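Please open the structure in your viewer and keep the selection panel at hand.

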Amino acid sequence: MNKTPENTRVVVGMSGGVDSSVAALLLKQQGYDVIGIFMKNWDDTDEFGHCTAEEDYEDVRRVCGQIGIPYYTVNFEKEYWDRVFTYFLDEYKKGRTPNPDVMCNKEIKFKAFLERALDLGADYLATGHYARVDFYDGEYRMLRGVDEKKDQTYFLNQLGQAQLSRTMFPLGHLPKTEVREIALKAGLATAKKKDSTGICFIGERNFKEFLSSYLPANPGDIRTVNGELKGRHDGLMYYTLGQRQGLGIGGGTGTGEPWFVVDKDVKQNILYVAQGGDHDRLYSDRLEATDVHWISDKEVPATFRCTAKFRYRQPDQGVTVHMKPDNCCEVVFDEPQRAITPGQAVVFYKDEVCLGGATIDKAIKNSELKASI
Ligand SMILES: Nc1ncnc2c1ncn2[C@@H]1O[C@H](COP(=O)(O)OP(=O)(O)OP(=O)(O)O)[C@@H](O)[C@H]1O
């Protein structure tokens with residue numbers, strides 16, 4: 001049977017936000033057999049019995065009613081806990097800064113959820129992500145969303161051929177402003193809803209309080225890069241490289257500039273700080289990464305040039321990638337980079353195409369290399 005929109009079933013991941021609402025609306029208008037599914041991954045009932053997932057589901061219900069599509073709910077709390085939250089805590093325990101959104105896309109949205117959608121007879125899973133999929137030279141490719149400010153390929157870097165062959169991103173070719181306009185024109189209940197923020201599925205939290213309820217805090221010394229004692233930290237897990245706020249130490253001494261986190265010594269439990277947001281200690285020339293993943297199944301050269309992002313929304317940086325054994329790589333930067341953070345993702349691009357990504361393990365200065373020869 002020839003596939004037409006009418007006989008193509010698409011499950012849309014409905015978050016109760018404007019993006020997934022418009023994704024579902026557009027697919028329905030194109031004639032697809034659309035089903036909306038809301039995923040619950042976290043029990044977020046607070047001490048007052050208030051639960052944002054319930055409010056979001058209420059929005060999903062209203063919007064699906066307006067669009068005229070059936071809707072269901074699935075629960076992946078256990079999978080989220082086992083595959084995303086456990087990793088999240090483990091990374092913090094190691095003094096690293098994890099990226100739960102990347103892991104959630106890999107393990108939940110485009111694994112557990114996609115599998116469930118296919119079990120329900122869907123041909124595709126669609127989401128409101130700002131990214132595009134195309135088929136070129138015998139393979140699926142993931143391209144950046146055309147709205148540069150909203151492009152979400154950074155978080156989707158772990159998808160592969162199997163996922164992309166079953167994925168639709170109906171908003172990838174639209175600017176966000178147009179998505180809002182479409183929602184307003186259609187009178188969708190979520191048209192004016194604010195974009196979601198905070199930790200993936202867990203939402204906006206007092207980060208310190210939240211983390212301390214899962215991991216014991218281990219206070220220790222704050223020292224300058226010259227070893228001078230500057231104060232006490234509440235636990236290394238609360239701090240990220242390049243961070244300025246929340247150190248509890250004023251300027252006033254030395255150069256008078258504010259203090260920044262420049263290093264963490266997990267073994268000795270010391271937080272290292274230096275003055276000035278552009279301090280030399282914050283910069284590195286290359287990084288080592290693990291768990292390298294390529295979206296294409298074609299063989300990757302041992303060394304190649306491309307661009308990379310080391311954090312979401314960073315402009316692309318020129319790099320040379322050297323593949324290493326055991327799925328590792330070394331990434332050499334054209335220009336020194338600030339605050340390369342272990343645990344975060346490095347994501348590779350060739351023009352519009354997202355090539356894949358890896359987990360940053362270590363930032364390295366060229367001077368360290370020379371010193372060790
Ligand atoms: N609870 C959920 N259930 C099902 N799908 C979800 C859920 N949360 C997010 N998604 C899917 O993942 C996409 C990206 O999620 P993200 O958290 O980045 O939301 P967003 O960009 O604010 O989008 P939205 O406006 O749809 O909330 C959503 O557009 C939606 O398709």
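**The whole chain**

Begin by displaying the surface of the chain: its accessible area is about 18,200 Å², and carbon and sulfur atoms hold 49% of this (Shrake-Rupley method, 1.4 Å probe). The model is predicted, so local features need pLDDT of at least 70 and side-chain atom pairs count only at pLDDT 80 or more, while totals for chains, interfaces and linings use all residues. Residues are numbered from 1 along each chain as its sequence is written, and side-chain values use heavy atoms, leaving out hydrogens and water.

Next, switch to a cartoon view, in which 8 helices and 17 strands make up the list of elements (DSSP runs: H or I of at least four residues for helices, E of at least two for strands, numbered from the N terminus).

Colour the residues by accessibility; 49% of the 373 residues count as buried, that is, under 20% relative accessible area with a 1.4 Å probe, protein chains only.

Now select residues 18-29, which form helix H1, and find Val 22 within them. Is Val 22 buried or exposed? Val 22 counts as buried because its relative accessibility is 0%.

Finally, select Gly 318, 296 residues from Val 22 along the chain; their C-alpha atoms are 35 Å apart.

Notes
Buried means under 20% relative accessible area, exposed over 50%, partly exposed in between (1.4 Å probe, protein chains only).
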